[in-house]
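Take a look at the structure first, and then we'll walk through it.

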Amino acid sequence: MPFAKAIPVTVITGFLGAGKTTLVRHLMTNAGGRRIALLINEFGDVGMDREILSACGIEGCGDDDIVELANGCLCCTVADEFLPTMEALIHRAAPPDHIVIETSGLALPKPLVQAFAWPEIRTRLTVDGVVAVIDGPAVAAGLFAEDPDAVQALRAADAAVDHDNPLEEVYTDQLLCADMVLVNKADLLDAATLAATLEQVRSGARPGVPVLAGHHGTVDPTVLLGMGMAVESNLDARPTHHDGPEGHDHDDFESHALPMPAVGGGFDGPQALADALAPVVQAGRVLRIKGTLDVPGKPMRLLVQGVGPRIQAHYDRPWRTDEPRAGTLVVIGLKGLDAEGLRERLGEVVAGPDQPASSA
């Protein structure tokens with residue numbers, strides 16, 4: 001007996017801190033009755049994105065609907081982790097209507113899509129579309145762009161910047177594989193800068209790929225889900241930097257989960273703490289920071305997220321009775337990150353000026 005119609009899969013890719021998790025949360029909130037399964041990939045050992053999504057409070061968004069692959073990149077571990085997970089999803093008694101994969105900020109979408117040709121899943125799944133989420137302000141500032149003049153000017157101003165920066169190749173490969181591009185955080189750009197940024201992104205994408213402006217991931221799910229691109233069948237039309245036998249190496253990056261003390265006094269609200277953390281993050285050359293902190297006297301945990309010096313903080317959900325009220329900040333950066341120094345400096349900020357930066 002032939003199988004039912006193949007389950008569509010949407011791959012959401014994008015660089016560190018571009019807003020992928022926020023977009024996924026919006027899709028789940030506005031699923032319109034679809035049974036959506038989430039497959040989340042993390043770079044590092046601590047599944048912080050899964051924790052953020054698990055706290056969303058969306059009806060029907062339970063542990064069985066969120067599958068995490070930690071400590072690795074989907075494009076590198078498809079055989080060991082990805083395929084068994086996908087097989088488990090399609091063989092459920094009630095398979096999902098749609099699967100959304102949120103890749104790590106360091107993952108390349110093309111090798112992942114190639115895995116959909118494996119015999120175990122190729123008749124049951126189809127890649128409906130690849131969505132690239134782009135950090136609008138970062139591109140406007142000349143970061144992660146393929147404009148040689150802008151990149152060269154940035155490097156010339158900072159002798160510490162690697163002249164063969166692998167971040168640009170990650171960014172461009174994600175862009176070249178996309179069927180739709182969301183330039184996120186558009187609300188942080190003025191009209192002229194936004195128009196120029198959208199044009200720059202269009203010039204780097206494949207011809208005809210829609211490029212949308214958005215903020216906080218608020219895009220109608222009917223736009224992103226149901227594209228019907230069958231991406232696995234036209235990969236040859238998506239050339240990228242890593243098509244050769246050299247493959248893709250993540251040795252240029254590292255992540256660390258840093259234990260944090262309880263938040264001390266003296267902060268006028270969550271954002272004041274986030275603003276105090278920003279100089280330490282910037283000086284430590286951290287690409288991405290995310291995590292939760294314990295604020296004594298508050299029943300909810302404090303969620304911290306940021307890319308570069310732009311850091312935000314807000315209370316996301318109450319602490320559960322079965323979890324320790326322990327703060328952890330995950331930092332991601334280029335190889336050689338001073339993790340111990342960051343732990344001490346970030347801990348000093350979190351603890352406040354009159355408290356030691358000790359942690360459990």
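Let's start with R206, which pairs with D179 in a salt bridge whose closest N and O atoms are 3.5 Å apart. R206 sits in the loop between α8 (191-204) and β7 (211-213), while D179 is in the loop between α7 (166-176) and β6 (180-184), so the contact ties together parts that are 27 residues apart in sequence. R206 is buried, at a relative accessible area of 17%, and D179 is buried as well, at 6%.

A word on where this comes from: it's a predicted model, in which local features need pLDDT of at least 70 and side-chain atom pairs count only at pLDDT 80 or more, while totals for chains, interfaces and linings use all residues. Residues are numbered from 1 along each chain as its sequence is written, and side-chain values use heavy atoms, with hydrogens and water left out.

On terms, a salt bridge here is a side-chain nitrogen of Lys or Arg within 4 Å of a carboxyl oxygen of Asp or Glu. Buried means under 20% relative accessible area, exposed means over 50%, and partly exposed is in between (1.4 Å probe, protein chains only). Helices (H or I, at least four residues) and strands (E, at least two) are DSSP runs, numbered from the N terminus.

How many salt bridges does the rule give? The count comes to 12. Here are some of them:

| Pair | N to O distance |
|---|---|
| R206 and D179 | 3.5 Å |
| R202 and E199 | 3.9 Å |
| R301 and D316 | 3.0 Å |

The R301 and D316 side chains meet in a salt bridge. R301 belongs to strand β10 (residues 300-307) and D316 to strand β11 (residues 310-318), so this pair links parts that are 15 residues apart in sequence. R301 is buried at 2% relative accessibility, and D316 is also buried, at 12%.

Then there's the pair inside helix α8: R202 and E199 are three residues apart there, which puts about one helical turn between them. R202 is partly exposed, with a relative accessible area of 38%, and E199 is partly exposed too, at 47%.

There's also a network of salt bridges, which links R317, R320, D322 and E323.

Finally, is H91 buried or exposed? H91 is exposed, with a relative accessible area of 53%, and is found in the loop between α3 (78-90) and β4 (98-102). The C-alpha atoms of H91 and R124 are 9.6 Å apart, with the two residues 33 apart along the chain.
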